[in-house]
Amino acid sequence: MCQLLGMNANTPTDLMFSFTGFSTRAEEHKDGFGIAFFEGAGTRLFVDAQSARLSPVAEMIRHYPIRSHNVIAHIRKATQGVVALENTHPFVRELWGRYWVFAHNGDLKDYQPRLHAAFRPVGSTDSERAFCWLMQELSKAHADLPPVGELTATLAELVPRVAAHGSFNFMLSNGQALWAHCSTKLSWLVREHPFRKARLQDEDMSVDFAELTTTADRVAVVVTEPLTADEAWRAFAPGELKVFVNGGVVER
């Protein structure tokens, strides 16, 4: 299975520490990686069909302090679709004048939704087909960009129709919020004052967040498997959809 990493923060925040630990897992998930950062109305998207352990693009990201309110990263272990750039997550589409970013971990069997011309996959993955269908159905349900709560309610109705075809762990963001859905495995935490030290599970690396933050900062991190050994990660329940805004989870 692939691995997912998402971040939502109330102030522009870099992801270098988490991405370093996350990319280590590309030894087993070596069929490509990608990461997308929202910056204002724009999105920086970096993808490579190489392993994040070998990719010079990944090496650049580990040392390039891009700061963002919302970030989605993915390392791929191919189940459907060949190893190629067009099949590398995250995927990006425009809807209501905003970029939307999506990454998926799982395997959808016999999933061939009817798609109209506005949203069509470029590659051959079940993941991109699911993303296109979600965008298509959101555009049919709302004439313009609705509030986050309404989007969450619509997604809660749509997602089970995709998840019925298999495992559908995903992350989705439009730069306002981060949505995360769990079929099998996802964990999350919120880092906020008082900040403390954290140590990566997969690398000999630690950081004292108190030295890098202010008392007003708040950051939510969502990942397939916990990245650190000494923080209180919380597991999603199977079938659970969560939305994060300004670094905190929004209770539904």
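Eight salt bridges are present in the structure, a salt bridge being a side-chain nitrogen of Lys or Arg within 4 Å of a carboxyl oxygen of Asp or Glu. The structure is a predicted model, in which local features need pLDDT of at least 70 and side-chain atom pairs count only at pLDDT 80 or more, while totals for chains, interfaces and linings use all residues. Residues are numbered from 1 along each chain as its sequence is written, and side-chain values use heavy atoms, with hydrogens and water left out.

**Salt bridges**

Side chains of opposite charge can pair when their charged atoms come close.

| Pair | N to O distance |
|---|---|
| R67 and D14 | 3.7 Å |
| E231 and R191 | 2.8 Å |
| K242 and E240 | 3.1 Å |

The elements named here are DSSP runs numbered from the N terminus (helices: H or I, at least four residues; strands: E, at least two). The salt bridge of R67 and D14 links distant parts of the chain, with R67 in strand 4 (residues 67-75) and D14 in strand 1, 53 residues apart. The burial classes rest on relative accessible area (buried under 20%, exposed over 50%, partly exposed in between; 1.4 Å probe, protein chains only). R67 is partly exposed at 47%, and D14 is partly exposed at 23%.

The side chains of E231 and R191 also meet in a salt bridge; E231 lies in the loop between strand 12 and strand 13 (234-235) and R191 in strand 9, 40 residues apart. E231 is buried, at 17% relative accessible area, and R191 is buried at 8%.

K242, which forms a salt bridge with E240, is buried at 11%, whereas E240 is partly exposed at 24%. K242 also lies over the face of F236, 5.9 Å from the ring centre; a charge sits over a ring if NZ of Lys or CZ of Arg is within 6 Å of the ring centre and within 35 degrees of the ring normal.

**Aromatic pairs**

The whole structure contains eight aromatic pairs. Rings of Phe, Tyr and Trp (its six-membered ring) pair if their centres lie within 6.5 Å, and planes under 30 degrees apart count as stacked, over 60 as edge-to-face and the rest as tilted. The pair of F102 and F131 is stacked, because the ring centres are 4.9 Å apart and the planes at 5°. F102 belongs to strand 6 (residues 98-108) and F131 to helix 3 (residues 126-141), so this pair ties together parts 29 residues apart in sequence. Both F102 and F131 are buried.

F102 forms a tilted pair with F168, at 6.3 Å centre to centre and 40° between the planes. This pair links strand 6 to strand 7 (residues 166-173), with F102 and F168 66 residues apart. Ring pairs link F102, F131, F168 and F170 into a cluster.

**Pockets**

The largest pocket holds about 380 Å³ of space. On a 1 Å grid over the protein atoms alone, a pocket is an open set of points where a 1.4 Å probe fits, with protein on both sides within 12 Å along at least five of seven lines, and lining residues have an atom within 4 Å of a point. Grid points are joined across faces, edges and corners, and a volume is the space filled by probe spheres set on the points. Of the 19 lining residues, T13, D14, F209, L212 and T213 lie nearest the centre of the largest pocket. Strand 1 gives the largest share of this lining, five residues.
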